[in-house]
Amino acid sequence: MIYTIMDTAYIKSLPFLIDGLKITLSITVIGLFLGMIIGSLAGLGKLSKNKFIRGFWSVYVEVVRGTPILAQALFLYYGVSEDLIGLNISSFTAGVIAIAVNAGAYIAEIVRGAVYSIDKGQHEAGRSMGLTEKQTMRYIIWPQAFKRMIPPLGNQFIISLKDTSVFSVIVVHDVVFMAKEYYNTTFEIFETLVMVCLLYLCITIPTALYLNRLERKLDV
Amino acid sequence: MITVKDLHKSFGDLEVLKGIDATVDESEVVCVIGPSGSGKSTFLRCLNLLEEITAGEVRINGDKLTDPSVNINDVRSQVGMVFQHFNLFPHKTVLDNITLGPIKVKGLSVNEAKDVGLKLLEKVGLSDKADDYPDSLSGGQKQRVAIARSLAMNPKVMLFDEPTSALDPELVGDVLEVMKDLAEEGMTMVVVTHEMGFAKEVGDRVLFMDEGIIMEEGEPTQIFDNPQNPRTQSFLSKIL
Ligand SMILES: Nc1ncnc2c1ncn2[C@@H]1O[C@H](COP(=O)(O)OP(=O)(O)O)[C@@H](O)[C@H]1O
Ligand SMILES: [Mg+2]
């Protein structure tokens, strides 16, 4: 096994794949950052007393969770930006937006669940000493809820990282796209795809292990 | 100081408070007793609008709580509340629990608030716990911190909802001691409690609540030694 992996056919594909991995990681990180903002708004929106705000974010969450990310990416890139508004956004930008919108919906549930899980007495203690709703959220509920969000957010990172692999259909030059380009000329399909999987695992396994440890340390 | 007139409170179809009239004078300690589910907590929570009032009127220092022009956060900052389950903020140190309100609501500087907090910790006998987190404290210590946290807002009234019910019996005494000191300093207090000893010794007046109304009220000796209402008699016979 060690021998075959060190075989040049495997190693030679690496520089190409690593170029793709940089794109994969950039889209994941930027997309998740934006997704975190959207998800926080959506998660808190779903807890709002105002039923229009609640309804709006519920529809968003259900639509995104009920459709495949591949369709969302195609829709964003070809459907909305080209066909509907005639805007030419790069496939990279489309990928970032797709991750942001998609992860945002899942993060919304993470945020809602975490905020909801904080004991009602915390809110009451804050309000009864005269803090406003906003202050109570900011100084009391959110810091406690955020701690509980960290493990599922880490999990979402792993999911979104893998989700980016479908963006090769909108010509994002991610790992999978680069792999296809590479084996279309070299025909070393098996070797290249082994390397693709190994690259993903190099990120996902340490992340998962770290999350396990963190979860135990945070005691949530 | 507190006047309650014909207070009603419903949760949906369930009417929990069915017309409460009560007054609490300055520096008075009023104890509220009654069976579980009779509406004691709901009554207390209406006094600082943690529950929305369905009908009737509550005035604190003349401010009508349901009046739209009253700033509810202002009122709340003058009415301290101590909960059965303490509700300390677990992500903050003991001192930070106490200083949060003074800093954010009253606009004290961090140093001023710390001075206030440390003095109050000394008062409740927990000076050495300032930098600890609530999780490391015993129930009795937690409740004393919660009392200090309320006092830090310099309230005119303190509401206690079964402050010792969640405590191991041997820890109850310390908390009651702190409350007794407060009463002696002239704090106006409304205390929902099952500690009849405390009610007798410290209370100026006792309200017996049942089924959402005040069935009987009077001085502790009168309520405990010579209750008039059969409901009060049967309740007291069960718990004494
Ligand atoms: N938020 C709420 N929603 C619905 N019912 C409630 C709520 N809070 C209290 N109740 C009901 O009101 C009644 C009185 O409760 P409570 O005031 O807690 O009584 P006590 O403190 O005397 O035990 C109970 O029947 C309880 O189930
Ligand atoms: Mg109660």
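How many bridges join E7(B) to strand E8 (residues 188–192) of chain B, and in which sense do they run? Five bridges join the two strands, which run parallel; point 5 returns to this pairing.

1. Basis of the model. This is a predicted model, in which local features need pLDDT of at least 70, side-chain atom pairs count only at pLDDT 80 or more, and totals for chains, interfaces and linings use all residues. Residues are numbered from 1 along each chain as its sequence is written, chains are lettered from A and ligands numbered from 1 in the order in which they are written, and side-chain values use heavy atoms, with hydrogens and water left out.

2. Overall form of chain A. The secondary structure of chain A consists of nine helices and zero strands, where helices (H or I, at least four residues) and strands (E, at least two) are DSSP runs numbered from the N terminus. Its pattern along the sequence is accordingly written α-α-α-α-α-α-α-α-α. The C-alpha trace spans about 70 × 45 × 20 Å along its principal axes. Of the contacts in chain A with a separation of 6 or more, 76% are between residues 24 or more positions apart; a contact means heavy atoms within 4.5 Å.

3. Chain A has 220 residues, of which 45% are buried. Buried means under 20% relative accessible area, exposed over 50%, and partly exposed in between (1.4 Å probe, protein chains only). The accessible surface of chain A is about 11700 Å², and carbon and sulfur atoms hold 68% of that area; the areas come from the Shrake-Rupley method with a 1.4 Å probe, and for residues only the protein chains shown count as cover. Chain A carries 19 positive and 16 negative charges, whose mean positions lie 14 Å apart. Here Lys and Arg count as positive and Asp and Glu as negative, while His and the chain ends are not counted; each charge is placed at NZ of Lys, CZ of Arg, CG of Asp or CD of Glu.

4. The antiparallel sheet of chain B. Four strands of chain B form an open sheet in the order E2-E1-E4-E5, with antiparallel pairing. Strand E2 (14–24) and strand E5 (63–64) are its edge strands, each pairing on one side only. Two strands are taken to pair if DSSP finds at least two bridges between them. Strand E1 (residues 2–11) pairs with E2(B) in the antiparallel sense over eight bridges, and B:Leu7 stands opposite B:Ile20 in E2(B).

5. The parallel strands of chain B. Strand E7 (residues 157–161) is mostly covered, with five of its five residues buried. Towards strand E6 (residues 79–82), E7(B) pairs in the parallel sense over four bridges; B:Val79 has B:Val157 as its bridge partner, and B:Met81 has B:Leu159. On the pairing raised at the outset, B:Leu159 also stands opposite B:Val190 in E8(B). From E7(B) the chain crosses through helix H6 (residues 169–184) of chain B to E8(B), and this β-α-β crossover is right-handed: with the strands pointing away from the viewer, the path from the first strand over the helix to the second runs clockwise.

6. Side-chain directions in E6(B) and E7(B). In a regular strand the side chains alternate between the two faces of the sheet. In E7(B), B:Val157, B:Leu159 and B:Asp161 point one way and B:Met158 and B:Phe160 the other way, and all are buried. In E6(B), B:Val79 and B:Met81 point one way and B:Gly80 and B:Val82 the other, and all are buried.

7. Positive phi at residues other than glycine. A:Phe187 has a positive phi of about 65° although it is not a glycine. A:Phe187 lies in the loop between helix H8 (175–186) and helix H9 (189–218) of chain A and is exposed, with a relative accessible area of 64%. B:Leu49, likewise not a glycine, has a positive phi of about 60°. B:Leu49 sits in the loop between helix H1 (40–46) and strand E4 (55–60) of chain B and counts as buried because its relative accessible area is 18%.

8. Two partly exposed positions in chain A. A:Asp119 lies in the loop between helix H5 (91–117) and helix H6 (120–128) of chain A and counts as partly exposed at 48% relative accessibility. A:Ile159, in helix H7 (residues 133–163) of chain A, is also partly exposed, at 37% relative accessibility.
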